[in-house]
Amino acid sequence: MSMVRYGVIGCGMMGCEHIQNINLLPHGQVVAVQDPVRDLAVSAAKLAGGAQVCDTLEALLAVQDLDALVIVSPNDCHVPQLRQIAATRTLPILCEKPLFTAPEDEVFLRDFAASYGAPVWVAMEYRYMPPIALLRDEAQEATGGIAMLSIREHRFPFLPKVGAWNRFNSRSGGTLVEKCCHFFDLMRLILRDEPVRVMASAGQAVNHKDETYDGRAPDIWDNGYVILDFAGGARAMLELCMFAEGSRYQEEISAMGPAGKIEARVPGPGRFWPVHLGDAPVPQVIVSPRVPKGPRLIEVPVDPTLLAAGDHNGSTYYQHERFNAVVRGEGRPEVTLADGIAAVRIGLAAQESAATGRAVAI
Ligand SMILES: NC(=O)C1=CN([C@@H]2O[C@H](COP(=O)(O)OP(=O)(O)OC[C@H]3O[C@@H](n4cnc5c(N)ncnc54)[C@H](OP(=O)(O)O)[C@@H]3O)[C@@H](O)[C@H]2O)C=CC1
Ligand SMILES: O=C1CO[C@H](CO)[C@@H](O)[C@@H]1O
């Protein structure tokens with residue numbers, strides 16, 4: 001197959017980012033889009049260079065010349081849409097995170113993973129941020145075996161101020177699932193291990209309910225710590241700060257072990273970096289060996305074409321590049337349904353721990 005013809009389900013902020021990145025692929029073209037808000041679907045179709053506009057998922061699934069689907073609808077739509085797709089077609093799917101939000105959906109997802117006849121890739125795109133990918137590849141050697149992993153996520157509270165994007169409403173799954181599934185996925189990936197126990201403390205430090213508050217969102221957990229014990233003995237910690245106005249959008253990851261330390265800094269240019277703040281600092285990785293030879297600094301510049309596609313750090317594009325290859329028969333999904341399930345399970349366990357004040361076994 002020389003060209004992959006995509007159907008995009010959900011044409012909000014992220015749907016448009018997917019379309020812009022598919023537009024950049026040498027072997028990709030969006031041929032159909034669907035969103036209950038017709039105006040959004042119409043402008044997304046234009047963004048794709050003229051795709052068919054469908055009012056329902058049923059109509060989109062009836063489009064014959066489709067090779068792959070991208071699910072970019074709100075979090076609680078993912079599972080019902082996977083069910084509907086499985087009952088109708090067998091096409092490769094790239095599904096946005098979190099894969100699910102309700103614990104009972106895990107049963108369906110396990111059956112689906114065993115029975116669906118085409119590749120399914122869960123969009124854990126943080127794996128593809130260049131500094132994080134570099135850290136993942138170098139961390140075990142640089143640290144001599146990771147004993148401690150720390151991820152710090154600092155960002156501004158842009159919700160629920162941004163219109164329809166009520167990500168922290170009751171449909172989202174809550175902050176520790178919605179946002180933090182990325183970080184739990186990274187922990188499993190970097191440590192190449194599974195957590196056995198989670199302890200979390202989280203709360204709300206800032207009142208996010210301003211004049212645009214739609215009355216639906218519950219408390220937004222904007223500050224939290226999650227500590228995980230991994231089966232092999234490593235410990236990991238997530239620091240979540242969602243009101244750091246000054247830092248806008250930033251991830252920092254450090255891995256430490258007997259041989260040294262490696263750190264990745266993703267300063268968050270791209271979609272969340274307001275233009276008036278000027279150029280963001282360059283993403284970087286710092287490797288500090290235990291014997292003080294002086295730290296080694298690796299700058300990981302971002303391709304400006306990818307930033308222009310609304311991406312943060314090129315991760316959406318790099319993910320699409322790989323998914324596109326899978327659809328064309330080259331390789332298998334790197335982020336599987338099992339990975340998507342694992343990340344949400346950790347988030348749900350963290351939520352339970354934060355709500356009950358007890359450690360939760362996974
Ligand atoms: N990987 C990443 O870094 C990111 C991932 N995401 C994920 O992408 C997904 C979409 O987020 P985002 O684009 O920001 O959200 P938006 O609210 O901007 O867009 C979602 C769109 O889907 C529409 N929609 C609602 N129900 C359906 C349905 N049944 N079928 C098709 N479309 C539907 C919504 O309409 P309406 O408003 O009327 O409900 C809305 O237009 C989420 O799962 C989110 O977690 C988001 C940002 C970054
Ligand atoms: O990476 C992301 C940016 O933040 C959004 C809001 O929490 C997430 O949905 C998304 O996955």
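**Aromatic contacts and a strand pair**

1. Phe 112 and Tyr 116 are both buried, where buried means under 20% relative accessible area, exposed over 50% and partly exposed in between (1.4 Å probe, protein chains only). The ring centres of Phe 112 and Tyr 116 lie 4.7 Å apart with the planes at 35 degrees, so this pair is tilted. Rings of Phe, Tyr and Trp (its six-membered ring) pair if their centres lie within 6.5 Å; planes under 30 degrees apart count as stacked, over 60 as edge-to-face and the rest as tilted.

2. This is a predicted model, in which local features need pLDDT of at least 70 and side-chain atom pairs count only at pLDDT 80 or more, while totals for chains, interfaces and linings use all residues. Side-chain values use heavy atoms, with hydrogens and water left out, and residues are numbered from 1 along each chain as its sequence is written.

3. The ring rule gives seven aromatic pairs. Among them is the tilted pair of Trp 121 and Tyr 128, at 6.2 Å centre to centre and 40 degrees between the planes. Trp 121 and Tyr 128 are both buried. Ring pairs also join Tyr 6, Trp 121, Tyr 128 and Phe 323 into a cluster.

4. The charged end of Arg 83 sits over the ring of Phe 108, 4.3 Å from the ring centre. The criterion is NZ of Lys or CZ of Arg within 6 Å of the ring centre and within 35 degrees of the ring normal.

5. Strand 12 (residues 260-266) is largely enclosed by the rest of the structure, because five of its seven residues are buried. Strands (E, at least two residues) are DSSP runs, numbered from the N terminus.

6. Strand 12 pairs with strand 13 (residues 284-289) in the antiparallel sense over six bridges; pairing requires at least two DSSP bridges between two strands. Ile 262 stands opposite Val 287 in strand 13.

Methods:
Chains are lettered from A and ligands numbered from 1 in the order in which they are written. Helices (H or I, at least four residues) and strands (E, at least two) are DSSP runs, numbered from the N terminus.
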